[in-house]
Amino acid sequence: MRLYDYILSGSCYKVRLFLSMIGKDYETVPVDYYPGGEHKTPEFLEINPLGQIPVLTDEELTLRDAQAILVYLAGKYDADRTWYPEDPRLQGEIAMWLSFAGGEIMNSSAARLHDMLFYDFDIDKVRAAAHAAFRVLDDHLTDREILGRHWIVGENPTVADIACFPYVALSGDGGISLDDYHAIRRWISRVKRIPGFIVMPGIHAN
Amino acid sequence: MTRTTDSVALNEWQAVGTVEEIASGKRRNTRLLGQDIIVELDGDRPRMFETNADGGMGTEHPAQIHYGHVWTTLGSPEKPPLDMPEFQEEGRRLVKVGAVTVRASALRIVENFLDMSHFPYVHTGILGEEPVTEVNDYKIEIREPKDEIWATDCSFFQPQAAASADDGQISEYMYRVSSPFVTVLYKTCPVVDGAWDLVGIFVQPKDEAECDVHTFMLVFDDTSTMADLVHFQQEIFLQDRSILENQIPPGLPLDPKDEMAIKADGSSMMYRRWLRKKGLTFGTYRGSESSQAA
């Protein structure tokens, strides 16, 4: 199994983090995303025509999109099926939060790329959109805590938690404070205590 | 903010991007010491202009290319950019790691670069690892006539000293500070006996507490891919970034009463004294003054 990987990408980190938590070995293929722009080269576009990372290959299968990769890995390699349960209702809820992770939360990624690596985004707009997304997540996690639940969906951590975690935890890189999101901050601490947790630059061990 | 009046900072050469970043015909709009500037390449010739109120090109200032980067100044430097003869050596690879913006004082970024004591805690498993946390004694001096700080005989146990390293090694280090904003380290090359690998940062101070950092490596390494080398150094630098952005106060205190005299901080104390003697103020902590880094 090979992961086309960029060390500073929160999306690639989703996959590295999950593979570590399920204890699965893999190879990495480092992609010179910045400053090289290797993900936009013809060679890489053969692998992913969208020119995005991560990409996972496993035998004959090639998958793009961090959320899709998490679903595949959980379905195939988590024998207990706790990370992506078979219950259709939980699957529906997970899909909803996976979409949120690849959508609204990515405003935090945009702010980070703007502040750190000179990407041309309207910084006020993307920060405001990230705050709006964090408010939704914080309210949800507060509701869950009232029910005695600690994770986004169900009773255990699922791929929904892994997909949402990186760009929430990295928000400071884009000048977005988590001071007002108490339930999010407690949830971040819980994710960091899941066995197999690993760090990336900008996300500390505790 | 507007352009600083700090003549010490103004009278230095500053790197403002790689030649590739300022590729011919394409401009880089950026900032230096509070002044908005435009940098461009006219054929092979680098040019720098102040940005006018209407966004156009104003007063032109000197610019030159060294080590694959464009260097410029808003003042009248007395000495040229640092001399690195290693750039002429056969077999070395120049790795331009890519500019990264950091919301911190340039001086804090340089000081952090000189500090070995944070390796096991911030660069765990790469440049250090607990329980080996002690910084061994080293020598530190000002070398004339170039007025550079050199720290020598430094050593540290490193689990992954370079992209090319297979195992841990005791890395020997030398640190060199050639201007308040430019520093280079020389460390034991894992693959060529007796050779030093170079890693350096050219810090472009945009405002008192915001910089672009231009990092390079000049290494002997025939096996790593460019992506391997860039990832290795970016991981280390971005581990520092989130910590640098949270240092308080943002400006670097130069007052002797702010120094904590512990041995591991020898290079830090020397750097602060050297800055104080020069009379640099840009990016320093200056008590309650309103113009300080904030």
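# Group meeting: a two-chain predicted model

Okay, let's start with chain B: of its 294 residues, 46% count as buried, where buried means 20 or more other C-beta atoms within 10 Å of a residue's own, exposed means 12 or fewer, partly exposed is in between, and the C-beta atoms are placed from the backbone. Keep in mind that this is a predicted model, with local features needing pLDDT of at least 70 and side-chain atom pairs counting only at pLDDT 80 or more, while totals for chains, interfaces and linings use all residues. As for labels, residues are numbered from 1 along each chain as its sequence is written, and chains are lettered from A and ligands numbered from 1 in the order in which they are written.

So, the overall build of chain B. A compact globule with 294 residues would have a radius of gyration near 19 Å, and chain B agrees because its value is 19 Å; that radius is taken over C-alpha atoms, and the globule rule is 2.2 Å times the number of residues to the power 0.38. The C-alpha trace spans about 55 × 45 × 35 Å along its principal axes. There are 5 helices and 17 strands in chain B, and those are DSSP runs, H or I of at least four residues for helices and E of at least two for strands, numbered from the N terminus. Now take the contacts in chain B with a separation of 6 or more: 61% of them are between residues 24 or more positions apart. Contact here means that two C-beta atoms, placed from the backbone, lie within 7 Å.

Chain B splits into domain 1, residues 1–81, and domain 2, residues 87–285, with bounds that come from an automatic or database domain assignment. Their centres, over C-alpha atoms, are 24 Å apart. Each domain puts 21 residues into the contact between them. On the domain 1 side, α1 (7–10), β1 (14–18) and β2 (28–32) of chain B are the elements that give two or more residues, and β1(B) has the largest share, with 5. That side divides into 8 nonpolar, 8 polar and 5 charged residues. For the classes, nonpolar is Ala, Val, Leu, Ile, Met, Phe, Trp, Tyr, Cys and Pro, charged is Asp, Glu, Lys and Arg, and the others, Gly among them, are polar.

Let's stay with β2(B) for a moment. In a regular strand the side chains alternate between the two faces of the sheet. In β2(B), the covered face has R28(B), T30(B) and L32(B), and the uncovered one has N29(B) and R31(B). Its antiparallel partner is β3(B), residues 35–42, with 5 bridges between the two; strands count as paired if DSSP finds at least two bridges between them. Within that pairing, N29(B) stands opposite I38(B). The two strands make a hairpin with 2 residues between them, and L33(B) in the turn has a positive phi of about 55°.

Over to chain A, then. How many residues of chain A are in contact with chain B? It's 16, and they meet 15 residues of chain B. Helix α5 of chain A, residues 106–117, gives the largest share of the chain A side, 3 residues, and that side comes out as 9 nonpolar, 3 polar and 4 charged.

Chain A also has two domains, 2–77 and 88–192, with centres 20 Å apart over C-alpha atoms. Here 12 residues of domain 1 touch 11 of domain 2. α1 (10–21) and α3 of chain A are the elements giving two or more residues to the domain 1 side, which has 8 nonpolar, 2 polar and 2 charged residues.

There's an open sheet in chain A too, with 4 strands in the order β2-β1-β3-β4 and mixed pairing. Its edge strands are β2 (27–30) and β4 (61–64) of chain A. Strand β3(A), residues 55–58, runs antiparallel to β4(A) with 4 bridges, and one bridge pair is T57(A) with T62(A).

Last, two loop residues. Q52(A) is in the loop between α2 (42–47) and β3 of chain A. Why is Q52(A) partly exposed? Because 17 other C-beta atoms lie within 10 Å. Beyond its neighbours within four places in sequence, Q52(A) is in contact with H39(A) and R64(A). R81(A) is in the loop between α3 (66–77) and α4 (88–102) of chain A, and R81(A) counts as exposed because it has 11 other C-beta atoms within 10 Å. Its C-alpha atom is 9.4 Å from that of T158(A), 77 residues away along the chain.
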